[in-house]
Amino acid sequence: MTVFEELTRRGLVAQMTHPEKIADLLDHEKVTFYIGFDATADSLHVGHFLQLVVMGHLQRAGHQPIALLGTGTTMVGDPTGKTDMRKMLTPEEINHNAECFKRQMERFLDFSNDRALMLRNGDWLLKLNYIDFLREVGVHFSVNQMLTAECFKTRLERGLSFIEFNYMLMQSYDFLRLHQERNCRMQLGGNDQWANILGGIELTRKVTGDEVYGMTFTLLTTKEGKKMGKTENGAVWLDPEKTSAYEFFQYWRNVADDDVVRCLKLLTYLPIEEIEAMESWEGSQLNRAKEMLAYELTKMVHGKENADKALEAAKAVFGAGSHSDHMPSTTLTAEDFTDGSIGVLDLLVKCGLTPSKGEARRLIQQGGISIDDQKISDVAAMVAQQAFEKGYLIVKKGKKVYHKVLI
C-alpha cells in the first residue's frame with residue numbers, strides 16, 4: 001500500500017489542489033513539504049498532534065517534513081476560526097513557546113541528518129521592509145478575492161483588524177520562501193487553512209512560474225462535527241504539566257463509541273487492516289478498542305512507562321474500583337480545614353475538579369459528585385478529617401472522572 005493510499009484509507013485527506021499529481025509525487029518521488037505551527041501557547045495540543053501524525057506517515061515514506069515555527073506570523077495572529085482578535089504576545093513569549101514546541105516535536109519526528117527540518121519564519125518575516133513587501137507580495141493579492149475566504153467572511157460581522165488581514169500574505173510568503181530556498185513543493189494543514197494554502201500556491205506560481213501543491217487533512221471532530229480535544233478545564237495538551245498522562249489517557253478512554261475507530265485511524269500508526277476489523281465491534285469490544293486508543297496515544301505522547309501506569313490506574317478504577325497510586329491527586333494540609341472539616345464545595349475547587357464554587361454547587365445539585373462511592377446531595381456538606389482514616393478519599397465527578405484526595 002502506498003503512502004497516499006494509507007492517508008486516504010485512514011480518512012486523513014480532506015482537500016487537494018491537484019489530486020492525481022499529489023498522489024504521483026507522494027508515491028514516486030521524495031518531496032519536501034511543510035506545516036506551520038503558530039506559537040500561541042507554551043505547549044502543543046491534540047489538534048497539533050494530528051498534524052504531527054500526518055508528518056510522521058510521510059516521513060516514514062521517505063519525504064522530508066519542515067516544521068515551521070511561526071515566530072513571525074504569531075506576531076500578527078491568524079483570524080481563522082476566531083470570533084475575536086487573538087491576544088497579542090510579546091517576542092519573548094513567542095520565542096519561549098517556540099522552544100516548548102521544538103522539544104515536544106522532537107518526540108514525534110526524526111530531525112537527524114536533515115530527515116526533517118525545524119525552521120522559524122521570524123528569521124525572514126521580521127526582517128522584511130514593509131514597502132518592499134507590499135510591492136513584491138501584496139501586489140499579487142486581490143482584496144475582493146480575499147474577502148470571499150471563510151477565515152475573513154466570518155470575522156467581517158464582528159470586525160476584522162488590518163493587522164489580521166495581513167496574515168494570509170505572510171503565510172503565503174512563507175511558502176514562496178521555502179520553495180525558493182528549500183525546494184518545498186507542498187504545504188499541508190488542517191482543512192481550516194485551505195484559503196491560506198491556496199494563497200501561497202498562487203503567490204509562488206505568479207512569482208516563480210512553478211507549480212506547487214496543497215493538501216489539507218481532516219479536522220479532529222466527533223461524528224456530530226464537534227471539535228475534539230477540549231475538556232471542561234480547557235484544551236488537552238501534550239505537556240504533562242498541563243494535562244497529566246493519566247488525564248490524557250482518560251480523555252481518549254472516554255471517547256464516544258461512534259468516534260473510537262475513527263480516532264484510531266486518524267491518530268495511531270496501528271495497521272489500518274487491524275483497525276478496519278474493529279468497525280463491526282460492539283459492547284465490551286468497543287471498550288477494548290477505547291483502551292487500545294488511549295494506550296497507544298499516551299505511549300506516543302508520554303512514553304511507554306507513563307502509558308503503562310495510566311492503564312493500570314484506569315483498570316483499577318473501571319475494574320474493581322480499587323485505589324491506584326497513579327490516579328491524579330491533591331494533598332490537603334491543616335490550613336485547608338476549619339474546626340477539623342472542609343466544605344465539599346471548597347474541596348472540589350481545591351482539587352481542580354470545578355473552577356468555582358458555583359459550578360461545584362451545580363454539579364452536586366445534579367447528582368454528579370460522589371465521595372468514596374457515597375453520592376453527595378447537600379451543597380453544605382462538610383468532609384471531616386476523620387473521613388481520611390485510610391489516608392485518602394476518592395472523589396468521583398460524573399461517571400468517568402476520579403480524583404484521589406490525601407491528607
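## Briefing on the predicted protein chain

The protein chain exposes about 19,500 Å², of which carbon and sulfur atoms supply 47%. The model described here is predicted. Of the 407 residues in the protein chain, 51% count as buried.

**Overall architecture**

- The protein chain contains 18 helices and 15 strands.
- Taken along the principal axes, the C-alpha atoms of the protein chain fill a box of roughly 75 × 45 × 40 Å.
- Among contacts in the protein chain with a separation of 6 or more, 72% are accounted for by residues 24 or more positions apart.

**Charged side chains**

- The protein chain carries 48 positive and 56 negative side chains.
- The centres of these two sets lie 1 Å apart.

**Cysteines**

- The structure holds zero disulfides.
- Cys 263 has a relative accessible area of 1% and is therefore buried, the cut-off being under 20%.
- Cys 351 also counts as buried, because its relative accessibility is 9%.

- Gln 64 lies in strand 3, which covers residues 64-69.
- With a relative accessible area of 13%, Gln 64 is buried.
- Neighbours within four places in sequence being left aside, the contacts of Gln 64 include Lys 30, Val 31, Thr 32 and Phe 33.
- Gln 64 is also in contact with Asp 114, Arg 115, Ala 116 and Leu 117.

How values were computed: Residues are numbered from 1 along each chain as its sequence is written. This is a predicted model: local features need pLDDT of at least 70, side-chain atom pairs count only at pLDDT 80 or more; totals for chains, interfaces and linings use all residues. Side-chain values use heavy atoms; hydrogens and water are left out. Helices (H or I, at least four residues) and strands (E, at least two) are DSSP runs, numbered from the N terminus. Buried means under 20% relative accessible area, exposed over 50%, partly exposed in between (1.4 Å probe, protein chains only). Contact means heavy atoms within 4.5 Å. Accessible areas come from the Shrake-Rupley method with a 1.4 Å probe; for residues, only the protein chains shown count as cover. Lys and Arg count as positive and Asp and Glu as negative; His and the chain ends are not counted. The place of a charge is taken as NZ of Lys, CZ of Arg, CG of Asp or CD of Glu. A disulfide is a pair of cysteine sulfur atoms within 2.5 Å.
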